[in-house]
Amino acid sequence: MRFHDAHRVRGVLPALALILGLTALSPRVVLAHGRLKSSTPAAGAHLGAVPRELRLDFSESAELTFTMVRLVGPDGRAVSLGPLGYAADSRRSILTAVGSPMIAGTYTVTWQMAGDDGHPVRGTYDFVVAPGAAGIGVAPAASSTGAEQGAASAMRDSMHHDPASMPEGNGFGSDSPVYVLIRWLQFIGLLIAIGAVSFRFFVLGALRPAATDASSGVTQLIAVAERRAADLGRIATGFLAITLLLRLGAQSYAMHGAADAFDMRLVMQMVQRTKWGWGWLVQLSGIALAGAGYQRARRTGMLEASDPQEMRDRAFWWRVAAVGAALAAISPALAGHAASAPRFRALVIMADWVHVIAASSWLGTLAVLLAAGLTTASQRGEDVSGQFVRSLVNAFSPVALVSAGLAAVTGIFAAWIHVGTIPNLWGTQYGITLLVKLGILAMAAMTGFYNWRYVQPQLGTNAATARLKQSATVEVTVALLVLLVTAILVASPTSMDMVM
């Protein structure tokens, strides 16, 4: 498809962004990632004997640190429960002993759980203890006995949270608009942080062997573009650090509610004792490494000397930045659907990691090429500028081809795992959101095709560079929309969640 008017395409994009934004912000029924499949006692059951324990069977394994259960009797009192634990036959089933006498009447169970992806789900159900049921006791006294206090204390230690303050009905979860926005900003930061590394090693790295004639000015342009890429990477890692803190606050608010969101004991337990927290710590380490690498690479890049030791130091710090960016890139897999995949979990996490790196090496490198490479070229005369731009784009083309191919393969694999069957593409929320993402991604691919087929052959003049800037800007803008839809997709229950 040929783009006859890039400005016309750019005019459509804000409207599309508005539609997606309204989709993300509009009220909708919250669908669970994990869900309660069954319970003992069952919802709505009328019991002829007092239950001695509660069993909740979920569609996926529950993180105990994120799991809470509360039982309230017909008199409005909370019934003490024992420590939470997994059933012997399944880690998807949670058991807790009933620790105090029960009277006849309707009991309400309120529960909260989250799987390995850290997405909180909560709900309630009722059951009835019939009058004269076997094992029936009397109403608890106003002041609980020492044994009851001990049971309640054990329950709190097990859950790391007081069930009396269980967050319920606050409307904030992984699919809340604010959380979606935080994830979107995180993805943008990752896109640039990884793109800067890819630009330096694969684009500028391809230019260096050919740039042996310093008088041509290309060598100096490479040095300036590299320093600007380090600047962009440094800004991106700072941006990522902010989103990291925002994610921690949002996750704590979703899990613990407004009253306990900033309780450092609960926050530290969440970070130290859950897979979501381990992923958060991995990203923290990655951001620290990448930030240090970009900062030092930028400083050594300001020295125009060609001293071999200084060049080795700069290359070393760029490698540090690359390792940090790669570490940061695995965090979405450890806090998303991949972490709770029903099968091939390690492979799914690895594929998701590769997907993030590949997509960023494609679209993030393009963004850095636009912001660091083309702006650097504009400072020189048309001959040098045209030669430099043409060399940049020629070096970027194979990077984009390989990266887009890897992103496509890993994306298809993830779709196979999470969608399951082709009808689920249009029959589930996850499938529909995925189709929207693919549709927008196709626009980016078509813009890239336009650049390759119609703009790249004409490079070498300022007019061609101007057209490249326009079409590349369209492609980067579309990439931001893809990231927005991805942030929504991560919060959507997979098609497999709905059938398990």
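Me: Which residues are linked with Arg55 in a network of salt bridges?

Reply: First, the general idea: a salt bridge is a side-chain nitrogen of Lys or Arg within 4 Å of a carboxyl oxygen of Asp or Glu. Here, the network links Arg55, Asp57 and Asp89. Keep in mind that this is a predicted model, where local features need pLDDT of at least 70, side-chain atom pairs count only at pLDDT 80 or more, and totals for chains, interfaces and linings use all residues. Residues are numbered from 1 along each chain as its sequence is written, and side-chain values use heavy atoms, with hydrogens and water left out.

Me: What is the N to O distance between Arg55 and Asp57?

Reply: That salt bridge comes out at 2.8 Å.

Me: Is Asp57 buried or exposed?

Reply: Buried means under 20% relative accessible area, exposed over 50%, and partly exposed in between (1.4 Å probe, protein chains only). Asp57 has 14% relative accessibility, so Asp57 counts as buried.

Me: How many salt bridges does the structure hold?

Reply: There are 7. One of them pairs Arg200 with Glu226 at 3.7 Å, N to O. Arg200 lies in helix H3 (residues 177-207) and Glu226 in helix H4 (residues 218-260), so this pair ties together parts 26 residues apart in sequence. Helices here are DSSP runs (H or I, at least four residues), numbered from the N terminus.

Me: With which other residue does Glu226 form a salt bridge?

Reply: With Arg314, where the closest N and O atoms are 3.1 Å apart. Arg314 sits in helix H7 (residues 308-329), so the pair links distant parts of the chain, 88 residues apart. Both Glu226 and Arg314 are buried.

Definitions and conventions: Helix = DSSP H or I, 4+ residues; strand = E, 2+ residues; numbered from the N terminus.
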